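Take a walk through the pockets and ring contacts of the model shown here.

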Amino acid sequence: MEKTLNLLMGRQLSGTQLRALGVALDLTELKKRPAVIMKKGRLFCQRCGFQAPRANYALPDKSYYCPACLAWGRLTTTMSLYSIPEANDFKKYPQDLLEKKPRLSFWQKKAAKELLQTVKLKQERLLWAVTGAGKTEMLFEALNFALLDQQRVCLATPRVDVCNELYPRLCQAFPKVKSSLLYQNSGQEYAYTQLVVCTVHQLLRFYRAFDLLVIDEVDAFPYVDDRQLHYAVANAKKINSSTLYLTATPDRYLKQQIRQKKLAVTCLPLRYHRHLLPEITLVKLRFPKQKIEVRTKKYLAKWIKNKTPFLVFVPQIALLKPILKELQHLWPAINGECVSALDPDRLQKVKNLRTGNDRYLVTTTILERGITIARLNVMVLQADAPIFSETVLVQIAGRVGRAKDYPVGDVVFAYQEMTSALRAAKKQIKLLNQKAEQLLKDDEVSTL
């Protein structure tokens with residue numbers, strides 16, 4: 001019985017999945033609902049929200065299946081999804097769970113207070129804060145309230161790398177709370193915990209589970225514009241729950257929701273260390289066939305001389321090894337590697353850069369966010385490629401200057417043809433810095 005509760009509290013699994021786990025299906029506590037239903041001649045998957053004409057997905061036994069979430073186990077019109085309603089069976093703590101309260105600036109405290117009030121009122125809010133503003137630390141008071149209130153809390157994000165950055169920080173902040181880290185091949189088996197950190201895909205296995213759901217990097221691929229994942233988020237929350245969305249670069253839809261006053265927003269254009277964002281340097285290249293020109297080489301040479309780590313972004317996996325080979329030819333004594341989403345060793349390679357074993361990484365956009373390394377510089381080659389949208393470029397720029405003792409650095413975007421994304425990214429950072437300067441002036445006036 002306890003095993004069943006642990007596997008199903010706030011979750012949804014098929015009968016096939018339960019039998020594979022050794023769970024009986026005749027328990028009265030189990031709730032079930034059809035896995036795939038028909039709506040006006042169209043099939044509708046109740047796990048992922050996929051809809052399509054049923055004729056396209058017929059099986060020999062005259063049932064129909066969902067093609068969209070096959071990776072999570074096949075669901076058909078003859079199957080059910082089983083669950084047990086979330087009972088919030090968590091320990092009641094008599095005092096604050098936050099091990100050590102972070103030191104917040106006036107503006108961070110103001111943002112943290114708004115997030116806390118949102119959770120208390122079971123509402124929704126977007127925290128729009130520049131990269132390096134301290135979004136995680138601003139969350140702590142809201143998380144502390146929810147955990148003390150015996151709520152079940154989840155922080156979900158589209159990227160595995162962000163999960164791995166968040167999880168140890170939350171474990172350190174809330175050491176008394178049972179927590180789990182869930183993503184494909186995470187090495188952790190599912191367990192019933194009050195605090196969950198996971199990729200958004202993992203939410204497909206939850207149903208009416210969370211009292212507080214935080215979606216970090218809400219604008220990031222693959223979550224952005226993915227109806228399946230948006231449905232999973234809606235399904236994973238309780239009917240009466242609170243939702244916090246976090247991003248440094250809200251997409252067009254979120255901005256529209258804000259303008260139409262359908263989504264409350266807290267905006268913070270100033271980093272925690274009160275320094276402005278490093279602005280973008282645009283470098284126009286003359287020779288398309290040459291990968292590293294003299295104009296970009298001078299920046300790389302400076303970083304090598306200063307012994308500062310750096311990232312070189314490229315638009316395609318196919319360019320990783322050629323660029324790495326060229327860098328190794330130019331500076332054979334300096335260690336560097338290349339990394340992409342397909343690289344099973346990418347977490348170790350990021351660690352090598354952080355510890356100084358490597359000086360640089362040649363990377364795809366997999367490292368556009370979720371990585372914090374002191375004294376970092378970045379360069380984007382072929383920054384006019386379509387994959388480098390305004391959001392991606394601003395996130396890449398945001399890797400620089402995050403440390404309090406080194407709030408500066410170089411952001412170099414090399415291009416051949418100017419794009420609207422390059423113009424917009426440069427403009428966005430300038431505008432955010434203007435707003436940040438105004439906050440700093442307001443602070444000076446208030447202390448007079």
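Is Tyr 231 buried, partly exposed or exposed? Tyr 231 is partly exposed, because its relative accessible area is 22% (buried means under 20%, exposed over 50%, partly exposed in between, with a 1.4 Å probe and protein chains only).

This is a predicted model, in which local features need pLDDT of at least 70, side-chain atom pairs count only at pLDDT 80 or more, and totals for chains, interfaces and linings use all residues. Residues are numbered from 1 along each chain as its sequence is written, and side-chain values use heavy atoms, with hydrogens and water left out.

Start with the aromatic rings. A ring pair is described by the distance of the centres and the angle of the planes. Rings of Phe, Tyr and Trp (its six-membered ring) pair if their centres lie within 6.5 Å; planes under 30 degrees apart count as stacked, over 60 as edge-to-face and the rest as tilted. The count comes to 10 aromatic pairs. In one of them, Phe 44 and Tyr 231 have ring centres 5.8 Å apart and planes at 80°, so the pair is edge-to-face. This pair links distant parts of the chain, 187 residues apart: Phe 44 is in strand β4 (residues 42–45) and Tyr 231 in helix α6 (residues 227–236). Helices (H or I, at least four residues) and strands (E, at least two) are DSSP runs, numbered from the N terminus. Phe 44 counts as buried, at 9% relative accessibility.

Phe 106 and Trp 107 are also edge-to-face, because their centres lie 5.0 Å apart and their planes at 80°. Phe 106 is exposed at 54%, while Trp 107 is buried at 18%. Elsewhere, ring pairs join Phe 50, Tyr 57 and Tyr 65 into a cluster.

Now the pockets. On a 1 Å grid over the protein atoms alone, a pocket is an open set of points where a 1.4 Å probe fits, with protein on both sides within 12 Å along at least five of seven lines; lining residues have an atom within 4 Å of a point. The largest pocket is lined by 46 residues, with Arg 159, Ala 220, Phe 221, Pro 222 and Glu 368 nearest its centre. Helix α12 gives the most to this lining, with 4 residues.

The second largest pocket has 34 lining residues. Gly 132, Gly 134, Glu 137, Arg 169 and Tyr 272 lie nearest its centre. Here α5 gives the most, again 4 residues.
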